[in-house]
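Here's a protein chain to explore together.

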Amino acid sequence: MYRALTWLALEMGTDTDDGEALGRLAESADIRFQQDPAGGAQRVFCRGQDVTGDIRSHPVSKAVPGVSAFAEVRKAIVETQRKLAAGHDVVMEGRDIGTVVLPDAECKIYLTASAEVRAERRLLERKDTDPAGGEAGQSLAEVIQELEKRDKEDSTRPISPLRRAEGSILLDTTSLSFPEAVEEALRIVRSTLQ
């Protein structure tokens, strides 16, 4: 949701250093999720526009830590996330879901992987969403540096910092394929909810 908001701010020319303006934008962003009927993958929509690929662009990745650090933004997004979860069985991922958004969740998984593996995955993800190579040949080292910088910024921000939720189960996917990671997450959920 923070990526969708950041995309919207960049599209509209909203100052990404203005927390009040970004908070107002977050309240009216109308960010929604839909399953793709063709392939089952989840799609992200912002004000009716499919932004699934756009939110993984380099400009969004670069701006999202700053946008997501504003109290006004976090308040609006957390409220929206809680409304989405209310009265439903949901799976949510994010850097403060288990600590702030849904601290009473029945099952919390702290998903991680090495910076190098995450960077490799990010490059593949970007290639899939932008086959023309919109990242101008960003190197693995540059993406690692970008991810480590974001981790540091998110871990040290004063509001809703990235940290492992109490009672969460650590799932390190560094050496797991995507299907293996999904299976391990499902195993954790099944064992937790029994």
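**Starting from Ile31**

Let's begin with Ile31: if we skip its neighbours within four places in sequence, Ile31 is in contact with Met1, Ala4, Leu5, Val44, Phe45, Cys46 and Ile77. Here, contact means heavy atoms within 4.5 Å. Before going on, a word on where this comes from: this is a predicted model, where local features need pLDDT of at least 70 and side-chain atom pairs count only at pLDDT 80 or more, while totals for chains, interfaces and linings use all residues. Residues are numbered from 1 along each chain as its sequence is written, and side-chain values use heavy atoms, with hydrogens and water left out.

How confident is the predictor? The score for that is pLDDT, the predictor's confidence in each residue, from 0 to 100. The chain has a mean pLDDT of 91, and 95% of its residues reach 70 or more. Among the elements of the chain, the lowest mean pLDDT (86) belongs to helix 6 (residues 115-129), and the highest (98) to strand 5 (residues 169-172). Helices (H or I, at least four residues) and strands (E, at least two) are DSSP runs, numbered from the N terminus.

Ile31 also leads us to the inside of the protein. A nonpolar core is a set of buried Ala, Val, Leu, Ile, Met, Phe, Trp, Tyr and Cys residues joined through side-chain atoms within 4.5 Å. Buried means under 20% relative accessible area, exposed means over 50%, and partly exposed is in between (1.4 Å probe, protein chains only). The largest such core has 25 residues, and those touching the most other members are Leu5, Trp7, Ile31, Cys46, Val51, Val73 and Ile77. Two or more residues of this core come from each of helix 1, helix 2 (19-28), strand 2 (42-46), helix 3, helix 4 (71-85) and helix 5 (97-101). Which element gives the most to this core? That's helix 1, with six residues. There is also a second, separate core of five residues, including Ala115, Val143, Ile144 and Leu147.

Now for helix 1 itself. Helix 1 is mostly covered, with eight of its 11 residues buried. Those are Tyr2, Arg3, Ala4, Leu5, Thr6, Trp7, Leu8 and Ala9.

What does helix 1 pack against? Helix 1 (residues 2-12) and helix 3 (residues 58-68) pack at an angle of about 105°, and their axes are 9 Å apart. (Axes are lines fitted to C-alpha atoms, for helices over the stretch in contact, and angles run from 0 to 180 degrees between N-to-C directions.) So helix 1 is roughly perpendicular to helix 3. For angles, under 35 degrees counts as roughly parallel, over 145 as roughly antiparallel, 65 to 115 as roughly perpendicular and the rest as oblique. On the helix 1 side, the contact is made by Tyr2, Arg3, Leu5, Thr6, Trp7 and Leu10, and on the helix 3 side by Pro59, Val60, Ser61, Ala63, Val64, Val67 and Ser68.

Gly19 lies in helix 2, and at 8% relative accessibility Gly19 counts as buried. Gly19 and Ala71 are 52 residues apart along the chain, yet their C-alpha atoms are separated by 7.4 Å. Not counting residues up to four places away in sequence, Gly19 touches Phe70, Glu72 and Val73.

Two loop residues have a positive phi without being glycine. Asp30, in the loop between helix 2 and strand 1 (31-35), has a phi near 50°. Arg47, in the loop between strand 2 and strand 3 (49-50), has a phi of about 50°. Asp30 is partly exposed at 36% relative accessibility, and Arg47 is partly exposed too, at 39%.

Is Asp96 buried or exposed? Asp96 sits in the loop between helix 4 and helix 5, and at 2% relative accessibility Asp96 counts as buried. Leaving aside its neighbours within four places in sequence, Asp96 is in contact with Tyr2, Arg74, Val78, Val101 and Ser160.

Finally, look for Ser168, in the loop between helix 7 (140-156) and strand 5. Ser168 counts as buried at 9% relative accessibility. Ser168 and Gly98 are 70 residues apart in sequence, but 7.8 Å apart in space, C-alpha to C-alpha.
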